[in-house]
Amino acid sequence: MEQGFSTRAIHAGQEPDPATGAVIPPMHLTTTYKQDGVGGLRGGYEYSRSGNPTRNALHEALAALEEGTTALAFASGLAAEDTLLRTVCRSGDHVVLGGDAYGGTFRLISRVLSEWGLEHTPVDLDDADALRAAIRPTTRVVWCETPSNPLLNITDIERTAAVAHEAGALLVVDNTFASPYLQRPLTLGADVVVHSTTKYLGGHSDVVGGALVTRDAGLGERLAYNHNAMGAVASPFDSWLVLRSLKTLGVRMDRHCANAARVAEFLAGRSDVTAVLYPGLPDHPGHETAARQMSGFGGMISFRLRDGEDAALAVCERTRLFTLAESLGGVESLIEHPHRMTHASAAGSPLEVPSDLVRLSVGIEDIEDLISDLEQALATVGGSPRARG
Ligand code: P1T
């Protein structure tokens, strides 16, 4: 029988070490491997950019969790994205991306890869007609983040895959916000899943990493070739940290979801908050799609303040438990101002985010403490707890 998610998270690729019985696979901090005569490799290991047992264990675990066949671990999420785009696109090719995406992804496509001739069009991916209209004969990739960063938009993966495939393009889904515990895009028709493992997969704000996962054997081979040839691989130590964290992904995500639902409900009841962007709220435009393709709504929430940017900045600076910092997905709660921080590189572009927006990465602390922290921070900027009329 197929094993459950958390069983796979704890065991896939992580058999006890055959040499010693160590229950936790050892961290292989080596750059190179002794050869038994020229070309006499032990287990195929030659040099740690090309192969490392700790990183391979992570590959196996990630493939099992995303229900893919090839997984590759990178030095960062952006390194994974860059390797993917430079593997599947050539000069003159075109990428359609959602009208809301991580600012760094947009910067990679619009500022770096554009210099190599890659073209792009941002579009509302959930508008199938707009998506079809944006697709050109040269479109190689439809790039989708769902839920998106930072506006928590939801895209129907199955429908978007169908439109991309009609046009002969690949659907890439950045699954960083959901994690494979809540959503498995490859089972819904996506061709490649991208992760910033820096976030929920790492889960403790102590490792920067990325991953690509696919079920397409040919594409998997091309990506694996460039993983080595381009060289942006995850280190053994970083791989070990992510592997350790995967074991608790399920329990962490359950708690992130439960805490975020309570925070969203709290924010939705305030008159100084004009919008709460959380797919778990029944009035979120993507709620039904999210309920269908995710098994929980995640730990990320954004909200807009009635009193504009100054109020948003003040709230970010006045929480005590929510730490003012970029990144997300760790056990500790974080708060940030996307317009000036994580998405500053989208300023002046169609992906620019509103300046009255605050983003929360809701951690797994005690929920009462999180809510009282937000309450005191909102009160200091003159907010009123009265219910919205
Ligand atoms: O930071 P890095 O590991 O390179 O991953 C980039 C990345 C890719 N995709 C998504 C959805 C992301 O959120 C990120 C990184 N995001 C932040 C640092 C942030 O605070 O939003």
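The model is predicted, with local features needing pLDDT of at least 70 and side-chain atom pairs pLDDT 80 or more, while totals for chains, interfaces and linings use all residues. Residues are numbered from 1 along each chain as its sequence is written, and side-chain values use heavy atoms, without hydrogens and water.

I noted about 220 Å³ of space in the second largest pocket. A pocket here is an open set of points on a 1 Å grid over the protein atoms alone, where a 1.4 Å probe fits, with protein on both sides within 12 Å along at least five of seven lines; lining residues have an atom within 4 Å of a point. A volume is the space filled by probe spheres set on the points.

I listed 16 lining residues for this pocket, with Asp124, Asp126, Asn153, Ile154 and Thr155 nearest its centre. By class, I have four nonpolar, eight polar and four charged residues in that lining.

I then turned to the largest pocket, whose volume is about 330 Å³. Its lining has 22 residues, and Tyr102, Asn149, Thr176, Ser196 and Lys199 are the closest to its centre.

Why does the largest pocket lie between domain 1 (5-246) and domain 2 (249-379)? Both domains give residues to its lining, so I place it between them.

Technical notes. Domains from an automatic or database assignment. Nonpolar A, V, L, I, M, F, W, Y, C, P; charged D, E, K, R; others polar.
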